[in-house]
Amino acid sequence: MELHQLEYVVAVAKHQSFTRAASEINISQSSLSQQIKKLEEELGVKLFERTTRKVKMTNAGNAFLAHAQKVLMEINQSKKTIREYLSVSRGRIKLGVLPVIGHFRITSLLANFQRNYPGVKMEFREGECNELLQMVMASRVHAAFISEASENPHINIHRLIKDHAVLVVNSMHPLAARDSIELAELAREKFILAHPSSGLYKNFAKACAAAGFEPDILYHCNQVETSLELVRENLGVTVLSSQVAQRYSKRDIAITKILPEIPRRISLVTLKDTEHEPAVNIFIKYAVNWASELKKQNQ
């Protein structure tokens, strides 16, 4: 069985005509007929019923066609992948990134990718979730790491990292000694929270609404260090992603788990129905594989 014979079967099935199929694949009708006959003899079954007016597939032919199409699709995908790897040496990737990506080891992902593909030039544009999503939608970046990724018919979402929100308080705060706290108990606290355009704020505000209250917000602050210093001064409490909070010194602060858990995710998003440069496709695959390996290490 030869690869070109599979292509011939698919062409004849498509056109239900040896004449039109031969024209499409640019061979003579007699050569096409001979190759199909040779394949049928090898398989020991008829793939097509031939009449003077049209060609019809047999039951065996239909079963064989499905496998032939699958094989050809896999081969084409393999060729595409190789072309991507061969052409990636001069690629360019524009990435949208969150200010806190370093806390989620995304910088390690970027560094490892750059070491493996030193010829790829990477550009970074920083912003909060809403802003980054708009960049993707407007094709100002090829992809973006965001922490709030709702289903969107125009967006591909590649889930990378799971996390959850935690409460951070002054070490002298009455809640400092608690290992966990019900969200509803925080209704009277004063909060220092991220900007409303951030994924963290959206996740927390949604959870508060479900718990029956609206958080009392003293300040909006996107800089984690500033928020923590205000907490250390006992001006209020804050909410951070667990992996972000764990990166900072526990001096004068305490971290408490919030129940029910407020999930946090870091996802890589791209625009659907877009023909990306090879370097971008390679990066997406690399990021997904990296996240899978990271998950295995943490299990």
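Helices α5 and α10 are oblique to each other, because their angle is about 130 degrees and angles that are not roughly parallel, roughly antiparallel or roughly perpendicular count as oblique. This comes from a predicted model, so treat each value here as a computed one. Helix α5 covers residues 106–116, helix α10 covers residues 278–298, and their axes lie 11 Å apart. When you follow the pair in the viewer, look for the right-handed crossing that α5 makes as it passes α10.

Which residues of α5 and α10 meet? On the α5 side they are I106, L109, L110, N112, F113 and N116. On the α10 side you will find A279, I282, F283, Y286, A287 and W290. Sorted by class, this contact has 10 nonpolar residues, 2 polar ones and no charged ones.

**Helix pairs around α1**

The crossing of α1 and α2 is right-handed. From α1, the contact uses Y8, A11, V12, K14 and H15, while α2 brings in F18, R20, A21, E24 and I25. The residues of this contact divide into 6 nonpolar, 1 polar and 3 charged.

Between α1 and α2 there is a loop, and Q16 lies in that loop. Q16 deserves a look of its own: its phi is near 50 degrees, which is a positive value in a residue other than glycine.

Helix α1 also packs against helix α3 (residues 29–43), at an angle of about 110 degrees and with the axes 10 Å apart. Are α1 and α3 roughly parallel or roughly perpendicular to each other? They are roughly perpendicular, because 110 degrees falls in the range from 65 to 115 degrees. By class, the contact of α1 with α3 holds 6 nonpolar, 3 polar and 2 charged residues.

Here are the helix pairs in one place.

| Helix pair | Angle | Distance between axes |
|---|---|---|
| α5 and α10 | about 130 degrees | 11 Å |
| α1 and α3 | about 110 degrees | 10 Å |

**A cavity inside**

How many cavities of 30 Å³ or more does a search of the whole structure find? The search finds 1. The volume of the largest cavity is about 240 Å³. Its lining has 22 residues, and the closest to the centre are V100, A194, L200, N222 and V224. Several elements each supply at least two residues of the lining: β8 (190–193), α7 (199–211), α8 (224–232) and β10 (237–241). Strand β10 gives the most, with 4 residues. By class, the lining is made up of 13 nonpolar, 7 polar and 2 charged residues.

**A cis peptide bond**

One last stop is the peptide bond from L259 to P260, which is cis, with omega near -5 degrees. To find P260, go to the loop between β11 (253–259) and β12 (263–271).

Conventions. Residues are numbered from 1 along each chain as its sequence is written. This is a predicted model: local features need pLDDT of at least 70, side-chain atom pairs count only at pLDDT 80 or more; totals for chains, interfaces and linings use all residues. Side-chain values use heavy atoms; hydrogens and water are left out. On a 1 Å grid over the protein atoms alone, a cavity is a set of points where a 1.4 Å probe fits but cannot get out, and a pocket is an open set with protein on both sides within 12 Å along at least five of seven lines; lining residues have an atom within 4 Å of a point. Grid points are joined across faces, edges and corners, and a volume is the space filled by probe spheres set on the points. Ala, Val, Leu, Ile, Met, Phe, Trp, Tyr, Cys and Pro count as nonpolar, Asp, Glu, Lys and Arg as charged, and the others, Gly among them, as polar. A crossing is left-handed if the near helix is turned anticlockwise from the far one by less than a right angle, and right-handed if clockwise. Contact means heavy atoms within 4.5 Å. Axes are lines fitted to C-alpha atoms, for helices over the stretch in contact, and angles run from 0 to 180 degrees between N-to-C directions. Angles under 35 degrees count as roughly parallel, over 145 as roughly antiparallel, 65 to 115 as roughly perpendicular and the rest as oblique.
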